[in-house]
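Try each task yourself before you read its solution.

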Amino acid sequence: MALLTILEYPDPRLRTRARPVLPEDFGPELDRMIDDMFETMYAAPGIGLAATQVDFHKRLIVIDVSAEKNEPLVFINPEILSREGKAVMEEGCLSVPGIFDEVERAAKVRVRAQDRTGATFERDLDGILAVCLQHEMDHLEGKLFVDYLSDLKRERIRKKLEKDRRERASRAGAAATARARAYR
Ligand code: NI
């Protein structure tokens, strides 16, 4: 297994619309991708990850909202069959680190998807699981939760993330210099 790099907002690759997973795509290679996505999500740590976020543009989502991290769910080619009610929850995203804000979504959804073997299933979701699935399905359309916020907020978030990245890069640079000195 391997940790994958998670793309961060405003990386334009996050705007890619994912293509369907085709019947011939199922197999060891897709299995490896799913395992790597789970490993990456658990390590982050996060409760959901869409393939788009790791620069793999196929309709594939992994989710685990359990406290014990022992209820992995895979949704391939997910479709929402029905929606019910409204729920406002605070959301975050591994592609928008450190930012949390409220988004309104359907409270309950019925989803049809395929599992990793290609078998089709239907499931009713509510609570955090329903919200998480809708958030991840947005990723497959190239949409991020910050798109639901005001232009002003989104611009502030973009600037903050760019500043954080610059600070991280300069800290990494300083650490590398310190190491180079130590080994001289
Ligand atoms: Ni996300």
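Two strands pair if DSSP finds at least two bridges between them. Helices (H or I, at least four residues) and strands (E, at least two) are DSSP runs, numbered from the N terminus. This is a predicted model, where local features need pLDDT of at least 70 and side-chain atom pairs count only at pLDDT 80 or more, while totals for chains, interfaces and linings use all residues. Residues are numbered from 1 along each chain as its sequence is written, and side-chain values use heavy atoms, leaving out hydrogens and water.

**Exercise 1. Work out how S2 pairs with S1 and S3.**

Step 1: Strand S1 (residues 48-50) runs antiparallel to S2, with three bridges. Here Leu49 sits opposite Val62 of S2.

Step 2: S2 also pairs with S3 in the antiparallel sense, over four bridges. Ile63 has Leu73 in S3 as its bridge partner.

Step 3: Now check the side chains of S2 (residues 60-63): Leu60 and Val62 point one way, Ile61 and Ile63 the other. All are buried (under 20% relative accessible area; exposed is over 50%, partly exposed in between; 1.4 Å probe, protein chains only).

**Exercise 2. Find which residues coordinate the nickel ion.**

Step 1: Look for donors, meaning N, O and S atoms within 2.8 Å of the metal (3.2 Å for Na, K and Ca); water is not among the atoms, so sites may look incomplete.

Step 2: You get Cys93 (SG), His135 (NE2) and His139 (NE2), at 2.1 to 2.2 Å.

**Exercise 3. Why does Cys93 count as buried?**

Its relative accessibility is 10%, so Cys93 counts as buried. Likewise, His135 counts as buried because its value is 7%.
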